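Good morning, and thank you for coming.

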Amino acid sequence: MHDWCEPFDTYPRTYDLLHAAGLFSAEKKRKKCNISTIMLEMDRMLRPGGYVYIRDAVRVVSELEEIAKAMGWVTTRDDVGEGPYASLKILRCEKRF
């Protein structure tokens, strides 16, 4: 498990897919680093045309969606298997070329 508040050496690799389940809620509770900093680190690691799937609480997903759009990512919000009224949502982000 990677501590997203610490630098992560990815050279010479970039990634096509990053998946985060509950990461941002956990980091908000820890209050060690800002979630926008984590999003920027994901952007640095992600190859153009790559995807980020984030499964988290609705309030966190709403905040992340704004950050992702500001970074130029294309976003889609989906329901989890529990249905549209569940406390979790999935945010799919694509980093375009």
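This is a predicted model: local features need pLDDT of at least 70, side-chain atom pairs count only at pLDDT 80 or more; totals for chains, interfaces and linings use all residues.

**Charged pairs, sheet and helices**

Buried here means under 20% relative accessible area, exposed means over 50%, and partly exposed lies in between, with a 1.4 Å probe and protein chains only.

Residues are numbered from 1 along each chain as its sequence is written, and side-chain values use heavy atoms, leaving out hydrogens and water.

What does the side chain of E65 meet in a salt bridge? The partner is K69, at 3.9 Å from N to O. A salt bridge is a side-chain nitrogen of Lys or Arg within 4 Å of a carboxyl oxygen of Asp or Glu. K69 and E65 are separated by about one helical turn, because they stand four residues apart in helix α3. Helices (H or I, at least four residues) and strands (E, at least two) are DSSP runs, numbered from the N terminus. K69, at 52% relative accessibility, counts as exposed. Elsewhere, salt bridges with shared partners join D3, E6, E27, R30 and K32 into one network.

In total, the structure holds 14 salt bridges. One of them brings together the side chains of K32 and E6, at 3.3 Å from N to O. Since K32 belongs to the loop between α1 and α2 and E6 to the segment before β1, this pair ties together parts 26 residues apart in sequence. Both are partly exposed: K32 at 45% relative accessibility and E6 with a relative accessible area of 38%.

A further salt bridge joins R55 and E82, whose closest N and O atoms are 3.8 Å apart. R55 is in strand β2 and E82 in the loop between β3 and β4, 27 residues apart, and the pair links these distant parts of the chain.

Turning to the sheet, four strands form an open sheet in the order β1-β2-β4-β3, with mixed pairing; two strands pair if DSSP finds at least two bridges between them. On average, neighbouring strands are turned by 15° against each other, direction ignored. Axes are lines fitted to C-alpha atoms, for helices over the stretch in contact, and angles run from 0 to 180 degrees between N-to-C directions.

Strands β2 and β4 pair in the antiparallel sense over seven bridges. Helix α3 packs on the sheet and touches β2, β3 and β4; contact means heavy atoms within 4.5 Å.

Finally, the helices. α1 and α3 pack at about 95°, with their axes 9 Å apart. α1 is therefore roughly perpendicular to α3, a term covering 65 to 115 degrees, whereas angles under 35 count as roughly parallel, over 145 as roughly antiparallel and the rest as oblique. On the α1 side, F24, S25 and K28 meet R59, V60, E63 and L64 of α3. The buried residues of α1 are L23, F24, S25 and E27, and their cover includes β1, α2, β2 and α3.
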